[in-house]
Amino acid sequence: MLSRREVLRNGLALSAMSALPAGEAFSALHLRLAAGIVDANLPAAARMAERFRRESAALHVFAGDPGRLWMSVIEPALRRRPEAIAGFTGAATLFCFQYLAQGYGLGLAARAAGPAALDRLDVAEPDLLDLRDPRLADADTVVTWILAPKRG
């Protein structure tokens with residue numbers, strides 16, 4: 001059960017988060033990131049891997065199909081304890097992870113797409129990511145994201 005103070009603090013943090021650099025945004029949400037997930041094929045993957053290494057309990061780097069990572073690492077961890085995860089992937093990977101994570105009580109808390117992906121996170125809409133969104137020009141658009149346990 002959240003106190004009124006926690007609800008207000010989290011609400012203020014979420015509303016201010018879009019103005020923060022991505023690394024600071026994780027801290028502003030007061031989230032403990034259980035894992036950072038990085039697609040090694042993306043430009044700046046090494047930079048994001050280093051950022052996630054500092055911000056999360058575990059770092060998972062994949063190249064190509066993230067299905068094995070989801071099935072062997074992420075899903076079993078969520079089954080034990082649903083915790084926030086962050087990623088630097090293509091939009092299609094985020095769409096799949098977001099859809100699958102719903103079953104464990106996680107929702108999209110924040111994201112950034114396109115050229116701003118390394119610098120800004122925007123508070124996300126609660127609905128599934130819409131791959132027709134013009135900011136997600138194609139399924140390979142780079143997206144920085146956070147999936148977090150839904151509250152309330």
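Visitor: Hi! Which residue stands opposite Ile 146 in S6?

Guide: Hello! That is Ala 110. Keep in mind that this is a predicted model.

Visitor: Thanks. Which strand does S4 pair with, and in what sense?

Guide: S4, residues 106-113, pairs with S6 in the antiparallel sense, over seven bridges.

Visitor: And S3, how many bridges does that strand make with S6?

Guide: Six bridges link S3 (residues 84-90) and S6, again in the antiparallel sense. Ile 146 turns up here too, as the bridge partner of Ala 86.

Visitor: Is S6 largely enclosed or exposed, then?

Guide: Strand S6 spans residues 142-149, and seven of its eight residues are buried, so the rest of the structure largely encloses this strand.

Visitor: Let me step back a bit. How many helices and strands are in the protein chain?

Guide: There are five helices and six strands. Starting at the N terminus, the order is α-α-β-α-β-α-β-α-β-β-β.

Visitor: What share of the residues is buried?

Guide: Of the chain's 152 residues, 45% count as buried. The accessible surface is about 8,200 Å², and carbon and sulfur atoms hold 55% of that area.

Visitor: What about contacts between residues 24 or more positions apart?

Guide: If you take the contacts with a separation of 6 or more, 71% of them join residues 24 or more positions apart.

Visitor: Good to know. On to the packing: which residues in the largest nonpolar core touch the most other members?

Guide: Those are Ile 37, Ile 74, Ile 85, Trp 145 and Leu 147, in a core of 17 residues. At least two residues of this core come from each of S1 (33-39), H4 (67-80), H5 (91-101), S4 and S6. Apart from it there is another core, of 15 residues, which includes Met 48, Ala 84, Ala 109 and Ala 110.

Visitor: Since S2 came up, is His 60 buried or exposed?

Guide: His 60, which lies in strand S2 (residues 59-62), has 18% relative accessibility, so this residue counts as buried. Leaving out neighbours within four places in sequence, His 60 has contacts with Ala 35, Gly 36, Ile 37, Val 38, Leu 69, Val 73 and Ile 74.

Visitor: Nice. Changing topic to charges: how many salt bridges does the count come to?

Guide: Four. One of them joins the side chains of Glu 75 and Arg 79, at 2.4 Å from N to O. Both residues are in helix H4, four residues apart, which is about one turn of the helix.

Visitor: Are Glu 75 and Arg 79 buried or exposed?

Guide: One of each. Glu 75 counts as buried, at 13% relative accessibility, whereas Arg 79 is exposed, with a relative accessible area of 55%.

Visitor: Where does Glu 83 come in, and what does its side chain meet?

Guide: Glu 83 meets Arg 81 in a salt bridge, at 3.9 Å from N to O. Here Glu 83 is buried, at 17% relative accessibility, and Arg 81 is exposed, at 56%.

Visitor: Last one: which residues are linked in a network of salt bridges?

Guide: Glu 50, Arg 53 and Arg 54. Within that group, the side chains of Arg 54 and Glu 50 meet at 3.9 Å, N to O. Arg 54 and Glu 50 are four residues apart in helix H3 (residues 45-55), so about one helical turn separates them. Arg 54 is exposed, at 57% relative accessible area, while Glu 50 is partly exposed, at 35%.

Technical notes
Residues numbered from 1 in each chain as written. Predicted model: local features only at pLDDT ≥ 70, side-chain atom pairs only at ≥ 80, totals over all residues. Heavy atoms only, no water. Buried < 20%, exposed > 50% of the residue type's maximum accessible area, 1.4 Å probe, protein only. Pairing = 2+ DSSP bridges. Contact = heavy atoms within 4.5 Å. Areas by Shrake-Rupley, 256 points an atom, 1.4 Å probe, with all protein chains shown as cover. Core = buried A, V, L, I, M, F, W, Y, C linked by side-chain atoms within 4.5 Å.
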